[in-house]
Amino acid sequence: MLLLYATRDGQSRRIAAHIAARLAEGGIPAPPHDLAVAFPAPADLAAAPLVAVIAAVRYGRHLPEAERFLATHRELLARGPLVFVSVNLTARKPGKDTAEGNQYLRKLLARHRLTPAFATAVAGRLDYPRYTWLDRQIIRFIMKLTGGPTDPQSCVEFTSWQAVDRIAARIADLHGEAGHLT
Ligand SMILES: Cc1cc2nc3c(=O)[nH]c(=O)nc-3n(C[C@H](O)[C@H](O)[C@H](O)COP(=O)(O)O)c2cc1C
């Protein structure tokens, strides 16, 4: 299977690595690939029994390499099975971690006319000291509106690693089902 990610600050890469480790324990090799480095070859995509994409959100959109990957390979991906995991801070709120409840995920799937076998959102990491001055001010403002931390020194990992384990288990199940079809 193919495990692909798009990240800027590293949390989506950490989530991909965690999923890869769980899959490896179950005997499924899935080394994570950074979409900003290269897209997989179309032949590898077509041959993969399952494609999983883990992508971070910035300012309302998934990272451009993830958007470009979906747009470029839409036809192949629509043949499925596809798993899409959106990493963002809105997903820290109850009900905002599903394909219906998370607006970024819902809009992305509608825009690309994709119906993944499994789509979910997982909460990312807030790391004010890392951000540029402008990004820090904008995100503090958004956090103020949504009841999140605003201390410019704060660094909070909202990611639930139990939720990531459940995502890995779901991917392993889908991989098993795909294996029976081929
Ligand atoms: C500049 C910037 C913009 C962001 N915009 C959003 C946003 O619009 N909605 C949201 O829920 N989270 C937003 N986030 C939070 C990121 O999705 C979160 O920090 C995530 O963990 C980043 O993933 P990465 O470490 O893989 O890049 C933003 C973060 C940054 C730094």
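User: Where does R113 sit?
Analyst: R113 is in the loop between α5 and β6 (118–123); helices (H or I, at least four residues) and strands (E, at least two) are DSSP runs numbered from the N terminus. This is a predicted model, where local features need pLDDT of at least 70, side-chain atom pairs count only at pLDDT 80 or more, and totals for chains, interfaces and linings use all residues. Residues are numbered from 1 along each chain as its sequence is written, and side-chain values use heavy atoms, with hydrogens and water left out.

User: What's the phi of R113?
Analyst: Positive, about 50°, although R113 is not a glycine.

User: And is R113 buried or exposed?
Analyst: Exposed, because its relative accessible area is 56% (buried is under 20%, exposed over 50%, partly exposed in between; 1.4 Å probe, protein chains only).

User: What about Y59, where is that one?
Analyst: Y59 is in the loop between β3 (51–58) and β4 (61–62). Its phi is positive too, near 50°, and at 49% relative accessibility Y59 counts as partly exposed.

User: Switching topic: which peptide bond is cis?
Analyst: The one from G80 to P81, with omega near -5°. P81 lies in the loop between α4 (74–78) and β5.

User: Which residues gather in the positive patch on the surface?
Analyst: K93, K96, R106 and K107. Patch residues have over 30% relative accessible area and no salt bridge, with like charges joined within 9 Å and nonpolar side chains (Val, Leu, Ile, Met, Phe, Trp, Tyr) within 5 Å. A salt bridge puts a side-chain nitrogen of Lys or Arg within 4 Å of a carboxyl oxygen of Asp or Glu.

User: Where's K96?
Analyst: In the loop between β5 (82–88) and α5 (103–111). K96 is partly exposed, at 35% relative accessibility.

Notes:
Accessible areas come from the Shrake-Rupley method with a 1.4 Å probe; for residues, only the protein chains shown count as cover. Lys and Arg count as positive and Asp and Glu as negative; His and the chain ends are not counted. The place of a charge is taken as NZ of Lys, CZ of Arg, CG of Asp or CD of Glu.
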